[in-house]
Amino acid sequence: MGVTGYSVNTTRIKSNSGFYLSRKVVVLNMVVMGALLLAVAVLGSSYARCSQTSSQPSEKSRTVTRAAPAFQVAGLQQQAEEEKKASKISILHAPGTRPSSTRPSWSWDHPSPSTAGPLDHSTPSTSAPLDHPSPSTAGPLDHSTPSTSAPLDHPSPSTAGPLDHPSPSTAGPLDHPSPSTAGPLDHPSPSTAGPLDHPTPSTAGPLDHPSPSTAGPLDHPSPSTAGPLDHPSPSTAGPLDHPSLSTAGPLDHSTPSTFEPQLQPSSEPWKHPRLPSDVVPLHYDLELWVHLQPNQVQQSSKVFCGQVNITVKCVSPTTRVLIHSVSLNYKGAKVLGPLPEGLGADREQGPVGQVAVNNLWKFPEMEYLVMELKETLKPGRHYVLQLNFSGFVNQTHRDGLFRNLYSDQGRLRALIASQLEPTFARRIFPCFDEPAMKATFSITIVHHPAYVALSNMPVLVMSERDAKGSKWTVTAFETTPLMSTYITAFVVCDYSYVNGTERGKEVRVWARKDAVAQGGVDFALSIAGPIFSRLEDLLNVSYPLSKTDLIGFPIFNTQAMENWGLITFDDFVLIQEEDDYPERKTIILSTVTHEIAHQWFGNLVTAKWWNDIWLNEGFASYFEYYISKDFDPQIFKFQNEFFYYYFMKDVFSDDHAKKHRTVSTEVKNYTATREINNLFDPYIYKKGSCVIRMMSNFLGENLFFRGLESYLKTFAFSNSDQDDLWNHMQMVLDNQTEVLLPASVKSIMEKWTHQSGFPIITLDVSTGMVNQKPFFHSHDKNQMTPSHNKTWTVPITWMKSGIVQPLVWLDNSSKIFPEMQLSDSEHDWLTLNLNTTGYYMVNYDQLGWKKISLLLEKEPKAIPVTDRIKLFDDAFRLSQHGYIEIETALDLTKYLAKEEEIAVWDTVLHNLLTPKIFANLNNHNIYPLFKKYLLKRLTPMWHIYSTKIRENNLQDDIMVIPTLRSVFETACWLGLEDCLQLSTEMFSKWMNHSETIKNSNLIKYEVMCYAIAMGSDEEWDFLLNAYENGEFKAYRDEIINSLSCSKYPWILYRYMEYALDSDLFASESSKIIESVSATEIGRLVAKEFLIDKWQAVMKKYGQDYLFILAGSIAESISTDSQVKELEQFFGNMLGEDDSITLRTGLQEIMKKNQQNSSKIAQIANWLKENMAD
Ligand SMILES: [Zn+2]
């Protein structure tokens, strides 16, 4: 699933006061307010309930639905807009989001709770409505009325179809006769016929699909020998593997406690979170009927129906078939077979029998549909499960089959599409929804003639179908190769596309017609084909499908998804807009590369189970980096920096020895989709790509790619786990003599994928002794036990006095490398972890550090840029956690006047000017010291970039994108005259309409903030106006924060009044007082404002808002009297209990600030001593 490593870090947005003495650091607020918020959370539980209630239809949305037709379109368009916003909210807040969700926040409208409402009214609850299709909205799906679906939740004798005589042994579910219900196995009556009664030629009978034994794709490893059989058999699983009795069983509907104790666990496979291996799927003939109609996009987009014929192979005798199914309602179910044995089995060979279905019932807890059969299925024989079903199109979330409402060419439009990873296929059709249960798919989509249907494969045939007087188009697609359910894909839309051909295979990029007409997808098309070719050449494995479609959705909760042959994207990562950001091309390039790499890693070869999902995502991320560099000269030039910045830095800075997260996890029977979704985190994407890059580095690219070729070819159309990868790397290694490893690939690599954290490699340059210790946070060190003393087998790349040395291995906790000893000569120096290819931290003895800092002063470029960046990150983090003194890290900064790489500067500034520093600025008077020390060094760099900014010449430098802001911001914060001048200049050009500041995307916030700080009410009013007019919609947060940069108390006071009294700021108004109170001047003004208006503030934002403000105002407190003063101040507004909570929170902040103060004092002393250098 797609998250690109490339993203712009947005957590660094800060707002400054006019006097540059205080910054609002949102992150800090969040941390220090932890204790307060904990209490608020308890207090706020009732709020949580209220807010759920408040997600009822808003007044606005009700107005929309009542509006006259002429206004309805406008209303709907507004709704489409709001739907887009709501979707962005979930993008920004999605739990465990793939790192992706780190899309630049400035590119999106900001989360606004109030905009979520209107969209909620269609399906107040996401689950409930799905079980109760409303006849009035069903359209062509009239047959799936509630009355036909309900019985399936409560199996009854009359639903038993051919077997109307329940046997005593199946007692439970059959205890609720309801003669009036039709029964799932009844054949659809002519009057309710609907779409399923008209099978197209291609989907007609269950036996129409290509016979598995003759079809090409099935020449690949037989599913019956593959993954499905590897999972624990229910019959051998212990009772403890099953969910507790109280939650289990179809018998829940009656009296679970009476029945369940009588049942043996082995007889209840539905309670096991993995599918049994009795039957395995071979082929799906799937028809989906999407009812979307262009003239009634809302009403017609709510439901779909379908029919699936699943050819299965019986592996062991069984009278029960379990299959995944969620929120689907069933009209009928049959089991046909056994099919004739032998090659060429098809309908011509004679009629096929039928196995009566005794009972069909759902077990929602495990998302199963259970088919109880009258006869035992015979091992080795094939059967066809035939199911008619209907379901709901998701209106509010973008998973399963979902709808997008958007506007194109001036009209409101809708599309329907799918997102199935990890477990949403079962929401669209009943299926064996586990990644190792691969099968072939013949997909047919029935849709309105105004739309086009897309799926994984090229169109096989199109035809027409009549239903109730309407004409429908039937698009049947070619049969897929063997593949997992989660990468099947369905789209019905009225998009246009651009296309090209790569090595004889068609590549199309689909998007809104407007976007295509404006050339928005030309770039994506221009790179997609060549990326395929590059991967084919590198891996020596052909892309097996004959076409690829890439398609962008206006609203998508997933950044992108690699469905085989039909890759789906959020528009943001596929389409170039006219007023684009300079980095957009890189984002598109990265994302498209990531998804195309998945066509091999994930689609062709799939991880057996979700615990090894890093095999999909780690490789897709690795190739995202590896391939992107070949398509962008800037990335190529800075490839190591690019990798470090976008793939390693964040996950590395989060990782440590006690982290409960590893790249590969234990095989676990996840019971909830959420558990699987939580696996999609930076550890599989980014740490996964880091360990792959490290392996590629120590094997050498040639062996690495040959190993991958061997691995891919062996497991093509099948599944693998990480041992398979190690084995194939080992095989290529064993066939040569050039590269020798100290241990097997498996034993080396497993330590990196199975252990959390990483080692600190410490070199004593006097002795050449190198040792490794796991990296612990300072507060964890005391809890270290022998079991924490893990080790890794570490490939050490290194450079001595400018010459790259042969790689060495540290395969023990310590080892002496005589070649690493250094003399006293000033020409002798050494650095480890060249180009930061190793996933570890490096520490040196004092002499080693000293030699590096002297080298930097003399010849900084002797150390590669990436290694200079990593040097600072390592040194400051080592000092933060007590491994070295802060002075050692500070010594490295002395040379900075000679540093020309802005990325190195950015790293230093982020390590040096931390939130802790800002919280303590008042107490240690460190600001003037920083000002003097840093400005002297920063000014040369400033002049390089201020010139580029003035010449509008920034856009060609990939490393500037993430790093310029901190340099610009620091220069202004330190009061550099030219920086303040430049902000004012750019802002005033904007005011005079002679130039927008659009071209200054990278520093827009800084320009606005400092221009406001330097300006008067004229600038302030202009910016407010821009906000009001909707200019820079994507920058709303930045404008809100910039407006609080004013140094005039009266402006700030008035600003907070606006927030309280006007509707102008909508949901963003709550941020205003907080933003003002986080600035040096604003803090006093906010207190005054609160004295005057606290009742109105509380009425508008709720009582817990006062806690947030208290945290903001208390950011820098460090004495008991300050705590007391604030406690008294807020005591008037809060009740007694809340005051106690507040006091605890304030004391916590004070304590943290006090703890930091000694380190701040150390820094201040060092700055004083080194000021003259
Ligand atoms: Zn992915």
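This is a predicted model: local features need pLDDT of at least 70, side-chain atom pairs count only at pLDDT 80 or more; totals for chains, interfaces and linings use all residues.

A residue is called buried here when its relative accessible area is under 20%. In helix 32, the residues I1051, L1052, Y1053, R1054, Y1055, M1056, A1059 and L1060 are buried. The helix that carries them runs over residues 1049-1061, and its 13 residues reach 18 Å from the first C-alpha to the last, close to the 18 Å expected at 1.5 Å a residue. What lies over these buried residues? The cover includes helix 30 (1017-1028), helix 31 (1036-1043), helix 33 (1069-1077) and helix 34 (1080-1101).

A disulfide is a covalent bond between the sulfur atoms of two cysteines, and the structure holds two disulfides. In one of them, the sulfur atoms of C1009 and C1045 are 2.0 Å apart, and the pair links distant parts of the chain, with C1009 in helix 29 (residues 1004-1014) and C1045 in the loop between helix 31 and helix 32, 36 residues apart. Both C1009 and C1045 are buried, and their link, with -105 degrees about the S-S bond, is left-handed.

C972 and C979 form a disulfide as well, with their sulfur atoms 2.0 Å apart. Is this disulfide left-handed or right-handed? The torsion about the S-S bond of C972 and C979 is about -95 degrees, so the disulfide is left-handed. C972 has a relative accessibility of 0% and therefore counts as buried, and C979 is likewise buried, with a relative accessible area of 0%. Counting the bonded cysteines along the chain, the disulfides follow the pattern 1-2, 3-4.

Two packed helices are described by the angle between their axes and the distance between the axes. For helix 26 (residues 927-950) and helix 28 (residues 977-991), the angle is about 10 degrees and the axes are 11 Å apart, which means that helix 26 is roughly parallel to helix 28. Helix 26 makes the contact with W942, H943, S946, I949 and R950, while helix 28 supplies D978, C979, Q981, L982, E985 and M986.

The strands come next. Strands of a sheet pair through backbone hydrogen bonds, either parallel or antiparallel. Four strands form an open sheet in the order 11-12-17-14, with antiparallel pairing, and its edges are strand 11 (400-408) and strand 14 (452-455), each of which pairs on one side only. From one strand to the next, the twist averages 15 degrees. Strand 11 is joined to strand 12 (residues 411-419) by nine bridges, and within this pairing R403 stands opposite I416 of strand 12.

Strand 16 (residues 470-477) has six of its eight residues buried, so this strand is largely enclosed by the rest of the structure. Which strands pair with strand 16? Strand 13 (residues 440-447) pairs with strand 16 in the antiparallel sense over four bridges, and T444 has A476 of strand 16 as its bridge partner. Strand 15 (residues 459-467) is joined to strand 16 by eight bridges, and these two strands also run antiparallel, with A467 bridged to S470 of strand 16. The hairpin of strand 15 and strand 16 has two residues between the strands, and in this hairpin K468 takes a positive phi near 50 degrees.

Terms used. Residues are numbered from 1 along each chain as its sequence is written. Side-chain values use heavy atoms; hydrogens and water are left out. Two strands pair if DSSP finds at least two bridges between them. Axes are lines fitted to C-alpha atoms, for helices over the stretch in contact, and angles run from 0 to 180 degrees between N-to-C directions. The expected span of a helix is 1.5 Å times one less than its number of residues. Buried means under 20% relative accessible area, exposed over 50%, partly exposed in between (1.4 Å probe, protein chains only). Contact means heavy atoms within 4.5 Å. A disulfide is a pair of cysteine sulfur atoms within 2.5 Å. Angles under 35 degrees count as roughly parallel, over 145 as roughly antiparallel, 65 to 115 as roughly perpendicular and the rest as oblique.
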